[in-house]
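Here's a quick briefing to read with the model open next to you.

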Amino acid sequence: MLVYLPIAEQPVNALVMLALGGAVGFLSGMFGVGGGFLMTPMLIFAGVPSAVAVATGANPLIASSITGTIAQYRRRNVDIKLGLYLLAGGAGGALAGVQIVKVLRQIGQIDLAVALLYVVFMSAVGGMMLIESVRALRKVRQGQPSGPRRAHHNWIQGLPLKTRFKTSKLYISTIPAITLGALVGLMSGVMGVGGGFIIVPILIYFLRVPTNVAIGTSLFQVIFVSAITTVLQAATNQTVDIALALMLMAGGVFGAQAGAAAGQHLRAEQLRLLLAILVLSVGLRLVVSLLAPPEIFSVTSAGA
Amino acid sequence: MALALRPARVIGHLLVLLHLFLWNGAALASTPELIEAGASQNHFYIEPSYDGTSIALFGSVDPALLNNQPFDVAVTIRGPVKAVTVWKKGRWAGLWVNAQSVTFEGVPNYYAALSTRPLKDIAPLGERKAHDLGLDALRLPLDGEGAGAPQEFEDALIKLKRSARLFVEEDQTAIVFFGARLFRARAFLPPAAGPGLYRANFYVLQNGKVMGEATAHIRLNKIGIEARLSSAAAGHPWLYGLLAVVLAAAAGGGASLIFRRA
């Protein structure tokens, strides 16, 4: 069933978009990440112009992260104070990110920048999670307690401006939280993602936030970062396609529920291993397109 | 709504038009017009199910004014004109990145050249260039900085447009004569051709020269929800962005309510 997108000015197959939204929602429900890091590249693979894919990618994340946050909040997994510090940085980062997209598009390097950012972050995060989850699975097999190791001290513990985060059971500096928020906001603006796939591992491995709280808090801040990104993309680039977003959301809300149910049948380490493999394979696909492009020439037009 | 996608409607339109043309034929003979042009439908609409549309154009030629000698007919259709930048990738630190670019001032987003025979057999390149008749004769002016740019950029532009079916040349079945004077030219506007004004130029050629020409116009517009959304996105970008957020928030909140009960 073809539906003509008013902003992208081309038809897409509605069933494909529902399925794509559903698949991303399934993963986000299963792994507790927003899924934007999969949504935007998948939209581009499906033939949606990259300007529309980046701008629209964040929009359905608002819906799936609200659903996720409500579910996590009921389980007391959302550290609202930590989330607000992340957001303080995130708003500024998103603002800068959207402006950067504008400049990159003018100099013709938007596709390169987005692809490079994805490759760098995906291989870093994917690689880290792969190593950690394989180690954890081995330990489980040897009968040792699992879960990421908790060091007593690292350099982050030495930073000033310390404050207490009750839900996370932490007493740490606010500087890394704001910086991390700004970094994720910047990525959200440039890449059209909520940043959960970056923020969750950093909260777990560097700030020592408990895994469940990291997932819940990340979902909480993704709501606002993707809302800010959507409004700014609409205002600056005018490439948010509501019709496309609605199709993705319709699939996404059902996929998220199914994913959450499926996730309960898998061990946490197995989930992290699967997510790592997924992240790495999307990254690999992007590397291939940078090393061996199918076409040397490309065309852009200066608006209607 | 009268839409081109309904075959019965289209056939109805064509029959009405045929009648009109045959009727007018007698009256037209008294005027010195060598060629006349019209479209079966001047307005096309983009609604959610839009997947491109075929357009039918009609023309009539007066063979008496061509001394009843053999002649050819060609029709060009060109869509919304935009400035287009062609990028060429180059190797940079082992990666393929956009390295060089050339900007063309006015490129029709859609261009079709329809003819009764291969264009190169109908008229020499010089004559065709004066009328943008054929992909090899289409003038694509460069912007100020692009002067002296290598031909490969123009070739790449034409190749990419052809593979997207946005640049078309057709000399087999696109033009069909009904009798000696009346003919129909048919083309397909792919969905990527996009909304805007399309101009159709009709040419009658004899002995390698353009003997007469006529013009018809077609307009393709978004309608209903498609029109409202795109004008909101362009006209009220902040409100449009807020609407996108509110819709998503409602979808997310609604879904949690539904699944909590279940």
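Two strands count as paired here if DSSP finds at least two bridges between them. Keep in mind that this is a predicted model. With that pairing rule, chain B has an open, antiparallel sheet of 4 strands, ordered β1-β3-β10-β9. Chain B also has an open sheet of 6 strands with mixed pairing.

- β1(B) runs antiparallel to β3(B), and 5 bridges link the two.
- On its other pairing, β3 (residues 53-61) of chain B meets β10 (residues 182-189) of chain B, again antiparallel, this time over 8 bridges.
- β3(B) is largely enclosed by the rest of the structure, because 7 of its 9 residues are buried.

**The mixed sheet in chain B**

- The strand order here is β2-β12-β11-β4-β7-β8.
- β2 (43-46) and β8 (167-170) of chain B are the edge strands; each has a single partner strand, so one side of each is left without a neighbour in the sheet.
- Neighbouring strands of this sheet are turned by 15° against each other on average, again ignoring direction.
- The partner of β2(B) is β12 (residues 209-222) of chain B, and the two pair in the parallel sense over 4 bridges.
- Within that pairing, H43(B) lies opposite R219(B) of β12(B).

**Helices in chain A**

- α3 (residues 50-57) of chain A is mostly covered, with 7 of its 8 residues buried.
- The buried set is A51(A), V52(A), A53(A), V54(A), A55(A), T56(A) and G57(A).
- For a helix pair, have a look at α7 (residues 175-191) of chain A and α9(A): their axes come within 10 Å and cross at roughly 40°.
- That angle makes α7(A) oblique to α9(A), and the crossing is right-handed.
- From α7(A), the contact uses G181(A), V184(A), G185(A), S188(A) and G189(A), while α9(A) brings Q221(A), V225(A), S226(A), T229(A) and L232(A).
- Sorted by class, this helix contact has 3 nonpolar, 7 polar and no charged residues.

**Where chain A meets chain B**

- The contact between the chains takes 44 residues from chain A and 47 residues from chain B.
- On the chain A side, at least two residues each come from β1 (2-5), β2 (10-13), α4 (59-74), α9 (211-236), α10 (242-263), α11 (268-291) and β5 (297-301).
- Which of these gives the most to the side of chain A that touches chain B? That's α4(A), with 9 residues.
- By class, the chain A side splits into 31 nonpolar, 12 polar and 1 charged.

Technical notes: Residues are numbered from 1 along each chain as its sequence is written. Chains are lettered from A and ligands numbered from 1 in the order in which they are written. This is a predicted model: local features need pLDDT of at least 70, side-chain atom pairs count only at pLDDT 80 or more; totals for chains, interfaces and linings use all residues. Axes are lines fitted to C-alpha atoms, for helices over the stretch in contact, and angles run from 0 to 180 degrees between N-to-C directions. A residue is buried if 20 or more other C-beta atoms lie within 10 Å of its own, exposed if 12 or fewer, and partly exposed in between; C-beta atoms are placed from the backbone. Two residues are in contact if their C-beta atoms, placed from the backbone, lie within 7 Å. Ala, Val, Leu, Ile, Met, Phe, Trp, Tyr, Cys and Pro count as nonpolar, Asp, Glu, Lys and Arg as charged, and the others, Gly among them, as polar. Angles under 35 degrees count as roughly parallel, over 145 as roughly antiparallel, 65 to 115 as roughly perpendicular and the rest as oblique. A crossing is left-handed if the near helix is turned anticlockwise from the far one by less than a right angle, and right-handed if clockwise.
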